[in-house]
Amino acid sequence: MKLVRMLFFIFLLAVSFSISATSVIATESPAFLHSHLNFQSVISDNTFLALNIDNTSEPGMSESSFLSKAGSQQQKPAAENQKIAYLTFDDGPGKYTSTILDILKNKNAKATFFVVEPHITANKNSIVRVKNEGHYIALHSVTHDARKLYKGSSMNVAKEMETTRKTLNSILKVNSYLVRVPYGSKPYMTEPFRDWLVKYKFKMWDWTIDSNDWRYKTSQYTTIINNVKTSVPKVEKQKKPIIILMHERPQTVKALPQIIDYLKARGYVLVPYNPNQHVISNFWNDSRL
Ligand SMILES: [Zn+2]
């Protein structure tokens with residue numbers, strides 16, 4: 001008799017436990033959804049653009065094929081509601097690459113390097129170091145010559161980028177599809193040129209902040225810092241991503257530490273380009289790129 005009573009008691013306990021568990025699930029569901037809605041609302045502009053990518057990429061190119069293109073340069077997605085800035089260095093690798101890398105390492109910042117094909121083969125050690133230290137390597141053509149790139153066939157730019165991509169892939173086993181065209185995409189990259197980039201599955205970045213570093217002597221490096229400082233608040237107001245154009249030059253090396261300090265003090269994290277969170281930023285506002 002005692003045993004029956006005990007079994008009944010256990011049965012009652014089990015029933016009451018399952019009822020309370022159900023009610024927990026029932027009340028948690030809306031809260032769970034709610035937290036996701038909150039998550040959506042705190043996504044930064046950059047991330048929002050990044051999430052739009054699959055609507056804008058060409059038909060037939062699935063999300064998974066885009067993701068798999070990222071190759072071994074995949075980065076951890078930046079946390080939501082972080083202020084993100086992208087430092088970009090064009091025309092290397094070259095004799096200033098290692099100093100730039102030292103500064104970035106010292107300041108715990110990551111960057112994106114747009115490289116020229118003959119410079120990759122000429123500076124293999126540098127390009128290996130760029131990759132190993134977690135920066136993104138993107139494509140900046142073979143000839144860097146406006147007459148060769150933009151005169152003649154509208155296929156020329158895509159072909160030079162493809163050659164650069166293959167060389168990079170053969171040396172580093174990375175698969176990069178981000179390009180920056182020499183001298184910027186306006187006015188050169190008219191629709192036929194852009195169509196070819198799309199066919200080759202490239203993405204194209206210009207910049208939102210021009211440091212104008214190439215214009216100045218090393219002794220004038222503070223002007224480069226000031227160019228960045230005056231531009232960042234304006235670009236913030238326009239709610240555009242912060243993509244800063246720089247080159248591998250001695251004056252840039254001098255200016256770089258203070259540029260990084262300024263951005264960090266303003267709350268930015270300096271991350272490399274992330275193909276899985278692609279941000280559309282080109283002068284034509286071509287959403288395919
Ligand atoms: Zn260039």
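**Exercise 1. Find which residue just after helix H11 takes a positive phi, and then describe H11 itself.**

Just after H11, Lys239 is the residue with a positive phi, of about 55 degrees. The model is a predicted one, in which local features need pLDDT of at least 70, side-chain atom pairs count only at pLDDT 80 or more, and totals for chains, interfaces and linings use all residues. Residues are numbered from 1 along each chain as its sequence is written. Helices (H or I, at least four residues) and strands (E, at least two) are DSSP runs, numbered from the N terminus.

Step 1, the span: the expected span of a helix is 1.5 Å times one less than its number of residues. Helix H11 holds 17 residues (residues 221-237) and should therefore span 24 Å, which agrees with the 26 Å between its end C-alpha atoms.

Step 2, the bend: H11 has a kink of about 25 degrees at Ser231, shortly before the proline Pro233, where the bend at a residue is the angle between axes fitted to the seven residues ending there and the seven starting there.

Step 3, the buried face: a residue is buried if 20 or more other C-beta atoms lie within 10 Å of its own, exposed if 12 or fewer, and partly exposed in between, with C-beta atoms placed from the backbone. In H11 the buried residues are Tyr221, Ile224, Asn227, Val228 and Val232. An α-helix has 3.6 residues a turn, so residues three or four places apart point the same way. The buried residues of H11 pack against strand S6 (209-210), strand S7 (242-247) and helix H12 (250-265); contact here requires C-beta atoms, placed from the backbone, within 7 Å.

**Exercise 2. Decide whether Asp91 and Ser141 are buried or exposed, and state where each of them lies.**

Step 1: Asp91, in strand S1, has a phi near 85 degrees, a positive value in a residue other than glycine. Asp91 counts as buried because it has 20 C-beta neighbours inside 10 Å.

Step 2: Ser141 sits in the loop between strand S3 (136-139) and helix H8 (146-150), and its phi, near 90 degrees, is likewise positive in a residue other than glycine. Ser141 has 24 such neighbours inside 10 Å and therefore counts as buried.

Technical notes: Contact = placed C-beta atoms within 7 Å.
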